[in-house]
Amino acid sequence: MGQSAETTDWVSRFADEVIEESERRAPGKPVVVASGLSPSGPIHLGNLREVMTPHLVADEIRRRGHQVRHLISWDDYDRYRKVPAGVPGVDDSWAEHIGKPLTSVPAPNGSAFPNWAEHFKAAMVEALAELGVEFDGISQTAQYTSGVYREQILHAMAHRGDIDAILDQYRTKKAPAAAKKQQKPLDEAEVEAAEGSGAAAEDDGSSGSAGYFPYKPYCGNCEKDLTTVTSYDDATTELSYTCTACGFSETVRLNEFNRGKLVWKVDWPMRWAYEGVVFEPSGVDHSSPGSSFQVGGQIVGIFGGKQPIGPMYAFVGISGMAKMSSSKGGVPTPGDALKIMEPQILRWLYARRRPNQSFKIAFDQEIQRLYDEWDKLDAKVADGSALPADIAAHSRAVRTAGGELPRTARVLPYRTLASVADITAGHEDQALRILSELDPDNPLSALDEARPRYDKAEAWINTQVPADQRTIVRDEPDAELLKSLDEASQQSLRLLLDGLASHWSLDGLTHLVYGVPKVQAGFSADATPKELPAEIKTAQRTFFALLYRLLVSRDTGPRLPTLLLAVGQERVRALLGE
């Protein structure tokens, strides 16, 4: 792929900028990009953009031969804010843990993990491995409780007046009307997705009678962060606090105390400086006036650092699952999407849209059209006819700097695989029989050749298609309907049955079922739409509806050529009254 292809996409443009900026800030050192995720509950597809945006940029930088670190900061030392609805193994009793660090909250019942944060982190780590995302994970619990940030904490406390003055510029400001106005109201799923990152709390510390403090201890008795700092001595680093939850109070030395953290609006810029982050995107919820990204840009200087380059990214919507209310567990996770689509497709969705463009991930019938679009692109890339930006997005979807992602050996249309999985209802031998008949000249010899795509299509049918839309082939012919048919309908069935044996392949049956109404109207089966009157389309629809009623007792169903192959010649003949 030539440079012209690479320079036309958003990823390359950011990579150019980041490499240049990194050389300016830290010549000769690895480029550092970052993401932050809060394992406060299931990590949603909206939050995946927080990872995929820097991942794609980091991967492009790697492809160019530079060293790069993609940090994922697990904000697992954040406070537990609420009990998420609809999480299996969790009930209202978890409310007693609100205010504790996420790593001090018990995991859901039945979990194999030691605490709440590890439980939800694990599902994301698994999904990122399948997506080919290479990263360095940093647990903020580990960082804070081992004293890694001690100097930064003492520095923030010593400069608390400067931090307070910066924050104070925004506390009284109202966001301008333009910033307040969303382009459209968020649906429940999008609101849920927006809440997933560490910045959601937007905490900037408290000003009590003793003044402002950018640090909050977790209580030594109840572990909650409902504490108020009552005094601090800069010389000795002695800090006193009281807990409003349980009444406990104590005095500690901050130069040896590790059970607390900087408030979010100070914590984030401190880490930019500490890690030397050059690129980190932020969601629209963090980018409005007075929010953490903007304020952090001023606070980071106190720690001797610079704000990263970072685009604001738009929300990711869901089609087909948006009706799911948060009471049913909210927005789907990357793991949910990877059950029904291959990782290449999910990568492509994030790669082909600029970060500030919103898009939807399909869990409904739209997934079939999405796959058709992907297969067309795949073919165009293979024959060299794709556009440069499309080639770049495709390349980022199918491989990383480390190599190609595993792919399905024999690519068959997703909609065909879904229809076969639907009709065969889990019978693998039946599925293989049908799939091997799709192209008799090049038959599929084992179902594994069509995997993992076949498994994804089967999972989509089993988890996303309502029971009343599933296909159930009739056991017996519909004798009454067959008896009531007029001569023209009987003739159409006869033409179909006469041609079955010689057209028994996907292409052959497609030609046959579309050709019957043409032949009946006195045209050639090969006649193109331009050569035919408009009525032929109506005749075709009527014929198709008749076949569906005779085969599956409904007016619609999977594509007829696939359905006929699935039912099998012998059974088709019986159901059509031969």
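**Strands and confidence**

Modeller: Take strand β13, residues 316-319. Val316 and Ile318 point one way, Gly317 and Ser319 the other, and all are buried. Buried means under 20% relative accessible area, exposed over 50%, partly exposed in between (1.4 Å probe, protein chains only). Strands are DSSP runs of E, at least two residues, numbered from the N terminus.

Biologist: Which strand does β13 join, and which way do they run?

Modeller: Four bridges join β13 to β14, residues 359-362, and they run parallel. Valine 316 stands opposite phenylalanine 359 in β14. Two strands pair if DSSP finds at least two bridges between them.

Biologist: Is this predicted or experimental, and what are the ground rules?

Modeller: This is a predicted model: local features need pLDDT of at least 70, side-chain atom pairs count only at pLDDT 80 or more, and totals for chains, interfaces and linings use all residues. Residues are numbered from 1 along each chain as its sequence is written, and side-chain values use heavy atoms, with hydrogens and water left out.

Biologist: What's the mean pLDDT?

Modeller: The protein's mean is 89, and 90% of residues reach 70 or more. pLDDT is the predictor's confidence in each residue, from 0 to 100.

Biologist: Where does pLDDT stay under 50?

Modeller: Residues 174-201 are one such stretch, with 44 contacts (heavy atoms within 4.5 Å) beyond four places in sequence. Where pLDDT is low, the predicted coordinates should not be read in detail.

Biologist: New topic. What is the order in the open sheet of three strands?

Modeller: β7-β8-β9, with antiparallel pairing. β7 (227-232) and β9 (249-253) are at the edges with a single partner strand each, so one side of each lacks a neighbour in the sheet.

Biologist: How many bridges join β8 to β9?

Modeller: Five, with β8 covering residues 238-243. Glutamate 238 stands opposite arginine 253 in β9.
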